[in-house]
Amino acid sequence: MPSNYLTELHAPLREVGQRVHAVVEAALPEATGALWHGHPVWGLGDRPGRQPVCLLKAQSTYVTFGLWRGQDVADPSGRLVSGARRMASVKLRTVDEVDPALFTGWLRRAYAMEVTA
């Protein structure tokens with residue numbers, strides 16, 4: 001599952017992915033992880049009509065950590081960059097760019113939106 005995806009990445013991207021993975025698992029223990037279009041996502045499991053809450057996707061020089069409803073998440077840090085539809089993400093090149101407290105806040109708000117949707 002997501003951990004297999006991460007072990008195949010080259011360092012330092014593997015370490016970035018593993019750090020974000022740990023943050024997601026700690027912040028959303030009730031979420032279900034899966035591979036979707038070849039990369040890890042976490043969501044509400046098999047609840048019909050639900051989209052994932054977040055994703056990790058490795059590129060050649062960074063790992064994208066994205067939230068499906070990221071544009072709806074308050075982000076006073078300004079780190080989330082808007083993407084297609086309602087998505088927003090951050091590009092991470094080193095483990096130092098992973099902020100567990102900030103990311104946990106994003107994840108909990110994004111998850112709460114899916115639970116109440």
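If you look at strand 2, you will find W42 there, and standing opposite W42 is G33. Before I go on, please keep in mind that this is a predicted model, in which local features need pLDDT of at least 70 and side-chain atom pairs count only at pLDDT 80 or more, while totals for chains, interfaces and linings use all residues. Residues are numbered from 1 along each chain as its sequence is written, and side-chain values use heavy atoms, with hydrogens and water left out.

Strand 1 and strand 2 pair in the antiparallel sense over five bridges, where pairing requires that DSSP finds at least two bridges between the strands, and where strands (E, at least two residues) and helices (H or I, at least four) are DSSP runs numbered from the N terminus. The hairpin that these two strands form has two residues between them, and H37 takes a positive phi near 55° there. On to strand 3, which runs antiparallel to strand 2 and is joined to it by two bridges, with L55 of strand 3 opposite V41.

How much of strand 2 is buried? Five of its five residues are, so strand 2 is largely enclosed by the rest of the structure; buried here means under 20% relative accessible area, with a 1.4 Å probe and protein chains only. H39, V41 and G43 point one way, whereas P40 and W42 point the other.

Stepping back, the open sheet has six strands in the order 1-2-3-4-6-5, with antiparallel pairing. Strand 1 (32-36) and strand 5 (81-82) are at the edges with a single partner strand each, so one side of each has no neighbour in the sheet. Strand 5 pairs with strand 6 (residues 88-92) over two bridges, in the antiparallel sense, and S82 has A88 as its bridge partner in strand 6. Helix 2 (residues 13-27) packs on the sheet, touching strands 2, 3, 4 and 6, a contact being heavy atoms within 4.5 Å. Helix 3 (residues 100-116) also packs on the sheet, touching strand 2, strand 3, strand 4 and strand 6.

Finally, the axes of helix 2 and helix 3, which are lines fitted to C-alpha atoms over the stretch in contact, with angles running from 0 to 180 degrees between N-to-C directions, come within 9 Å and cross at roughly 50°. The contact includes V20 and V23 of helix 2, and F103 and L107 of helix 3.

Definitions and conventions:
Buried means under 20% relative accessible area, exposed over 50%, partly exposed in between (1.4 Å probe, protein chains only).
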